[in-house]
Number of protein chains: 2
Amino acid sequence: MSERRNLITDVAGIHVGNAHNARLASGVTVALFDQQTVASGVVVGGAPAGRDTGCLDPDRFVEGVDAVVLSGGSGFGLDAATGVQAWLRERKRGFPVGNMRVPVVPQAICFDLLNGGDKDWGRYPPYRELGYAACEAADLSFAIGTAGGGYGAATVDLKGGLGSASAVTSGGFTVGALVVVNAIGSTVIGEGPHFWAGGLEEDSEFGGLGLPTKVSPEMRRLRWKGAPEPATTIALVATDAVLDKAMTKRLAITGQTGLAKGLRLSHALTDGDTVFAAATGRRPLTDRNNDVIEIGATAADCLARAIARAVYEATALPFPGARPAWKDKFGSQLR
Amino acid sequence: MSERRNLITDVAGIHVGNAHNARLASGVTVALFDQQTVASGVVVGGAPAGRDTGCLDPDRFVEGVDAVVLSGGSGFGLDAATGVQAWLRERKRGFPVGNMRVPVVPQAICFDLLNGGDKDWGRYPPYRELGYAACEAADLSFAIGTAGGGYGAATVDLKGGLGSASAVTSGGFTVGALVVVNAIGSTVIGEGPHFWAGGLEEDSEFGGLGLPTKVSPEMRRLRWKGAPEPATTIALVATDAVLDKAMTKRLAITGQTGLAKGLRLSHALTDGDTVFAAATGRRPLTDRNNDVIEIGATAADCLARAIARAVYEATALPFPGARPAWKDKFGSQLR
């Protein structure tokens with residue numbers, strides 16, 4: 001790896017693109033794989049909405065996917081994958097069936113319909129075109145914070161956003177995470193500024209404030225978006241390892257523990273928490289069991305760190321009542 | 001609730017019993033329900049061994065269970081439920097089928113076969129009788145630490161054990177957790193003494209040391225029992241709420257995030273991490289969605305706290321090479 005970006009694109013074979021509409025206050029993020037890539041996933045929230053997630057279990061036929069979409073728009077946002085499929089079809093990409101190719105594009109959405117943006121889009125929602133635009137923008141570098149699928153996102157107390165992080169395991173495998181943080185709970189301990197993921201922070205990537213020595217009962221009081229306001233944290237974890245589909249599902253299962261490390265709370269009845277996993281197959285395993293264990297645990301770390309980075313990098317939406325950005329509240333505490 | 005024990009038995013309708021064999025260096029813990037109780041569960045590890053877990057999904061026929069068993073012994077320990085079934089049958093307990101009653105006793109085990117104990121038990125393993133003895137010992141009070149199913153348990157760096165904790169939600173529901181900590185990874189940050197669950201500690205229940213302000217790369221270095229040494233953290237979370245079987249599964253799903261909060265690492269390829277959930281049905285929900293969210297998140301907290309308490313209260317086994325107890329290493333730092 002030439003230059004580490006601390007983004008999921010450090011995993012060879014992945015480009016990421018964002019698109020948003022500021023008036024809509026929502027957007028789309030796409031992770032494009034450079035070829036059909038082994039993928040799986042787990043839906044751990046009780047209120048998910050997704051598209052083409054049924055093919056992700058190891059007992060299903062299609063092994064590879066062409067892209068993964070994380071978007072806003074709730075159920076209306078599910079059109080984003082249509083735009084991604086169109087972009088892929090123009091490039092003759094997809095699962096071959098006779099002389100046709102069907103692009104396989106699993107997607108998850110988050111609920112950002114009540115964030116102050118203009119949702120009066122007429123007959124059809126704009127997510128299809130946002131999905132296409134996100135593909136056009138795909139690159140190795142991409143913005144995090146108030147960007148793409150996280151443009152309109154929020155946690156219970158702060159502006160949410162799009163996050164990403166990467167790491168290299170002791171075995172040399174690159175691992176990364178990409179996440180839209182629209183969590184039902186919070187990323188920060190009490191009123192902040194410390195992040196629940198503070199023990200996992202690398203190189204002051206989300207402020208370098210560490211952890212508080214004592215967490216009082218008030219600081220750990222459970223706070224969540226009161227039901228039935230839906231919420232969701234949706235993510236992709238990825239590695240350059242060669243994994244079969246079953247081990248890619250294991251990567252998703254171990255990886256989703258990053259939600260628990262980065263959020264208080266997650267996996268709830270009214271969130272749609274979903275974690276996709278992909279293995280781009282550049283680097284064979286050398287010690288199968290230990291490699292899989294370390295890649296999974298590293299993916300969990302990356303996901304927790306990406307969650308904190310999403311909130312740390314976010315800027316607030318310009319609407320009345322919009323939740324504040326972390327840096328607006330705590331930026332003065334940074335050295 | 002008259003007297004809070006900070007044990008899962010604070011949840012009305014549950015008694016817990018332990019039995020162990022010191023020479024075997026293993027044992028059994030049983031949670032006995034006072035009547036057939038709605039239960040579910042999730043198997044999140046890649047190397048589980050269990051018994052009667054197939055009935056736990058909401059789409060299965062049997063809704064209630066009579067007991068849950070957490071034991072040592074790996075696959076041989078699965079006999080423990082036989083002893084529990086025998087004890088229940090003598091009391092005419094179980095799922096009625098014609099004039100028969102079949103006690104329903106889901107069980108999970110942990111791998112403690114290489115801990116120095118004498119495993120030369122002859123033809124049949126002793127877990128059946130340990131299961132029966134655990135039922136005989138069942139009470140509202142029970143030992144944690146080196147006790148019952150956690151007697152022979154260990155983490156990667158310290159003696160493991162049996163843990164438990166409880167809490168009451170803002171809605172008045174009592175929630176508790178019971179856990180055998182034989183984790184593939186560690187409960188402590190770096191070399192210790194701080195617990196990963198330190199931000200969730202109530203009333204100095206595991207030493208009151210809080211959190212370190214900074215966690216260095218060395219302190220968060222991933223350490224695990226090298227594959228293929230199996231490991232497992234197995235748990236029961238419970239509430240006195242009236243939940244149907246589907247919401248009890250949701251309790252298990254949200255509750256298992258406690259593994260991620262208390263352990264570094266969990267949900268791995270070679271652990272058998274399993275979390276059962278039970279709802280003893282004493283207190284109806286008043287605000288269904290928010291109650292379920294808070295009960296689940298509180299169960300996760302209780303599970304993370306119970307994991308730390310298991311290690312905090314453990315005493316070391318007397319065998320050469322046995323992993324040290326937390327208090328042996330760090331007890332002098334307690335005030």
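Visitor: Where does Ala277(A) lie, and why is Ala277(A) called buried or exposed?

Guide: Ala277(A) sits in strand E11 (residues 274-283) of chain A; helices (H or I, at least four residues) and strands (E, at least two) are DSSP runs, numbered from the N terminus. Buried means under 20% relative accessible area, exposed over 50%, and partly exposed in between, with a 1.4 Å probe and protein chains only. Ala277(A) has a relative accessible area of 1%, so the label is buried.

Visitor: What makes a residue a contact of Ala277(A)?

Guide: Contact means heavy atoms within 4.5 Å. Leaving aside neighbours within four places in sequence, Ala277(A) has contacts that include Val38(A), Gly41(A), Leu236(A), Thr248(A) and Ala252(A). As for Ser71(A), 206 residues away along the chain, its C-alpha atom is separated from that of Ala277(A) by 16 Å.

Visitor: Before we go on, what kind of model is this?

Guide: It is a predicted model, where local features need pLDDT of at least 70 and side-chain atom pairs count only at pLDDT 80 or more, while totals for chains, interfaces and linings use all residues. Residues are numbered from 1 along each chain as its sequence is written, chains are lettered from A and ligands numbered from 1 in the order in which they are written, and side-chain values use heavy atoms, with hydrogens and water left out.

Visitor: What makes a set of residues a nonpolar core, and which residues have the most contacts inside the largest one?

Guide: The set must consist of buried Ala, Val, Leu, Ile, Met, Phe, Trp, Tyr and Cys residues joined through side-chain atoms within 4.5 Å. The largest such core has 114 residues, and Leu303(A), Trp326(A), Leu303(B) and Trp326(B) have the most contacts inside it. Another core, of 30 residues, lies apart from it, with Leu56(B), Val62(B), Phe95(B) and Leu236(B) among its members. In soluble globular proteins, nonpolar side chains tend to be buried together.

Visitor: Which residues does Leu303(B) contact, leaving aside neighbours within four places in sequence?

Guide: Among them are Ala177(B), Val179(B), Val237(B), Leu259(B) and Val275(B).

Visitor: How do you know that strand E4 of chain B is mostly covered?

Guide: Eight of the eight residues in this strand (residues 64-71) are buried.

Visitor: And what makes E4(B) a partner of other strands?

Guide: Two strands pair if DSSP finds at least two bridges between them. Strand E2 (residues 26-43) of chain B is joined to E4(B) by seven bridges and runs antiparallel to it; Val38(B) has Gly64(B) as its bridge partner there.

Visitor: What makes Arg128(A) and Glu129(A) a salt bridge?

Guide: A salt bridge is a side-chain nitrogen of Lys or Arg within 4 Å of a carboxyl oxygen of Asp or Glu. For Arg128(A) and Glu129(A) the N to O value is 2.9 Å, and the pair counts. Arg128(A), at 44% relative accessibility, is therefore partly exposed, and Glu129(A), also at 44%, is partly exposed. Side chains of opposite charge can pair when their charged atoms come close.

Visitor: Why is Ala25(A) worth a look for its phi?

Guide: Its phi is near 60°, a positive value in a residue other than glycine. Ala25(A) is in the loop between strand E1 (14-21) and strand E2 (26-43) of chain A, and at 0% relative accessibility it counts as buried.
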